[in-house]
Amino acid sequence: MKVQQISVFIENKTGRLAEVTRVLGGADISIRALSLADTSDFGILRLIVDQTDKAQAILRQDGFTVSKTEVVAIEVPDRPKGLNEILEILDRADINVEYMYAFVDRRGGRAIIIFRFDDIEKALATLPKSGVQLIKSEIFQNT
Amino acid sequence: MIWNDDFETLPREAIEALQLKRLQQTVARVQATVPFYRQHFARAGVSADQIRSLKDLQRLPFTLKQDLRNNYPYGLFAVPLEQIVRIHASSGTTGKPTVVGYTRRDIETWSELMARSFAAAGADKGDVIHNAYGYGLFTGGLGAHYGAERIGASVIPMSGGNTKKQIMIMQDFGSTVLTCTPSYCLFLAEAAAEEGLDIRNFKLRVGIHGAEPWSEKMREEIEQKLGIKAIDIYGLSEILGPGVGIECIEAQDGLHIWEDHFIPEIINPESGEVLPHGEHGELVITTITKEGIPLIRYRTRDITRLLPEPCVCGRTHMRLERMSGRSDDMLIIRGVNVFPSQIESVLFNIEGINPHYQLVVDREGNLDTLEVQVEVNEKTFSDEIKEMQNLSRRIRKDIKDLLGVTCSVRLVEPKTLARSEGKAVRVIDKRKSLDS
């Protein structure tokens, strides 16, 4: 149930973000979800793409610093308290969220949140037991 | 191996006796043949016949780089041009270069001292010496070349640049000894890795590196990345070129300075006072065999100390500690003296950081600012902002703790800092353009 995410170090300079998308586009890689965390000097671009290994390899080749991280994709009920219920479960289990970002899966018509946990194994053990719907990584692949 | 056993292992008294004789001859010669020295000595109220002991050397005035510039190009030559067989010049980053001339015997001496240096680094006639120092006005290339031929090694006169070809030749020709600047050495290793080659599988076994200051940590990095022994060599064109001093492979601890040709002193760079052995200060060298352009008490601007203790290799010539910086590279940031090499050591002590850094010094209002730019790599990169901020904080804190200077840290993408094919550009001092 783990999903592979790649992170890219990006200096706060004009054109660097475009360079990433240019490289990915040129290799026919599709971005499924993304988030950009930024500071005044640099940003960290986190991406979920349809071909993780290929994306990592070509970005590296282009001189980017890239790392691969495992994250968890969770379906969130689209109603008040939907997210809160999930966060409460995590809180009770003492699982820390490093960061998260959301996107809408248009094909499935549902909201999905990508979570980066401090302890992914514990999260994976806890969440399904509490009835939380985890998304399989296959939905990010090109089908 | 010791190349010239007779001279390299002379007892201390014999070295000093030889030094005194040669010093007296040199001082008398420059006083007679170089108008600059005649006036220089007269102004200091000293003359050649007053040099009766090595201690009397201290009565002579210093020679500065500016004196070479003022006498550009040939004013300090002690022989007529007909006797000069080679002319080199140092890169003049500001204004005119400094020009040095060699007689046939000077070239002979230089070859001998470079041969001693190669032997001290463990090279011999069976080696294939890949010489990636620049050939040309710069003394590095030809200096190393003549010494390599002298020991009977097969020398490949690569010169600098054209990195891909360097790697191909190094691999195909089976180079065993690499001579280049330390920063270029790492650059080569990186470039080889980019081509999918592991330079450690090449036949290289020794690297001889100099022409820019480098740290012990950088040595570890070079030795690990190239799978070689990295030897520090010292020289400067004004004095000779490469081969003024070198580490022996046995100890790799301090550079033997060839005392039968040079007299080293360490001075306080501010007061000019001569410091006792073991104390840090600026290295001053007097050449005692050079014919073309002998220099008396030349201020090298290099910061080091003299290590008079005997060395395990059996050579009796004193050692210079690895250069810790140049007195003119010294940055004064808000009143604190900082050498780029000190910052380098701090960075190298942080796990995972690579050797590519640049210092940008600027002034905001009346306050000096120091920005340390460090390249991020896959070892230091994290997908979490807080980890990256911890890295910056760690660098800032270590520099503050160890050097007492506050800086800002900018993490930059890999390979964005200028890579040198010659000497590394480590410092950009924007204050200089503000002052002029």
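Here are a few questions and answers about this predicted model.

Colleague: What ipTM does the predictor give the complex?

Modeller: Good place to start, since this is a predicted model. For the complex, the predictor reports a pTM of 0.72 along with an ipTM. That ipTM is 0.87.

Colleague: And what pLDDT does chain B average?

Modeller: In chain B, 96% of the residues score at least 70. The average pLDDT of chain B is 92.

Colleague: How many residues does the contact between the chains take from chain A?

Modeller: Let us look at both sides. Chain B gives 13 residues to the contact, and these divide into 6 nonpolar, 1 polar and 6 charged. The largest share of that side of chain B, 3 residues, comes from strand S20(B). From chain A, the contact takes 14 residues.

Colleague: Which strand of chain B is joined to S20(B) by 5 bridges?

Modeller: S20(B) covers residues 408-412 and runs parallel to its partner. Within this pairing, Glu371(B) stands opposite Ser408(B). The chain crosses from the partner to S20(B) through helix H11(B), residues 385-403, in a right-handed β-α-β crossover. The partner, residues 367-375, is S19(B).

Colleague: Which strands stand at the edges of the open sheet of 4 strands in chain B?

Modeller: The order in this sheet is S10-S11-S12-S15, with antiparallel pairing. Each edge strand has a single partner strand, so one side of each is left without a neighbour in the sheet. The edge strands are S10(B), residues 262-267, and S15(B), residues 325-326.

Colleague: Which residue stands opposite Gly325(B)?

Modeller: Gly325(B) lies in S15(B). That strand is joined by 2 bridges to S12(B), residues 298-304, and the two run antiparallel. Opposite Gly325(B) stands Ile303(B).

Colleague: How many Å separate the centres of domain 1 and domain 2 of chain A?

Modeller: The domain assignment places domain 1 at 2-69 and domain 2 at 71-131. Taken over C-alpha atoms, their centres are separated by 23 Å.

Colleague: Which strands of chain A each supply at least two residues of the side of domain 1 that touches domain 2?

Modeller: The contact takes 8 residues from domain 1 of chain A and 9 residues from domain 2 of chain A. By class, the domain 1 side has 4 nonpolar, 3 polar and 1 charged residues. The strands that each supply at least two residues of that side are S1 (2-11) and S2 (31-38) of chain A.

Notes
Residues are numbered from 1 along each chain as its sequence is written. Chains are lettered from A and ligands numbered from 1 in the order in which they are written. This is a predicted model: local features need pLDDT of at least 70, side-chain atom pairs count only at pLDDT 80 or more; totals for chains, interfaces and linings use all residues. Two strands pair if DSSP finds at least two bridges between them. A crossover is right-handed if, with the strands pointing away from the viewer, the path from the first strand over the helix to the second runs clockwise. Two residues are in contact if their C-beta atoms, placed from the backbone, lie within 7 Å. Ala, Val, Leu, Ile, Met, Phe, Trp, Tyr, Cys and Pro count as nonpolar, Asp, Glu, Lys and Arg as charged, and the others, Gly among them, as polar. Domain bounds come from an automatic or database domain assignment. pLDDT is the predictor's confidence in each residue, from 0 to 100.
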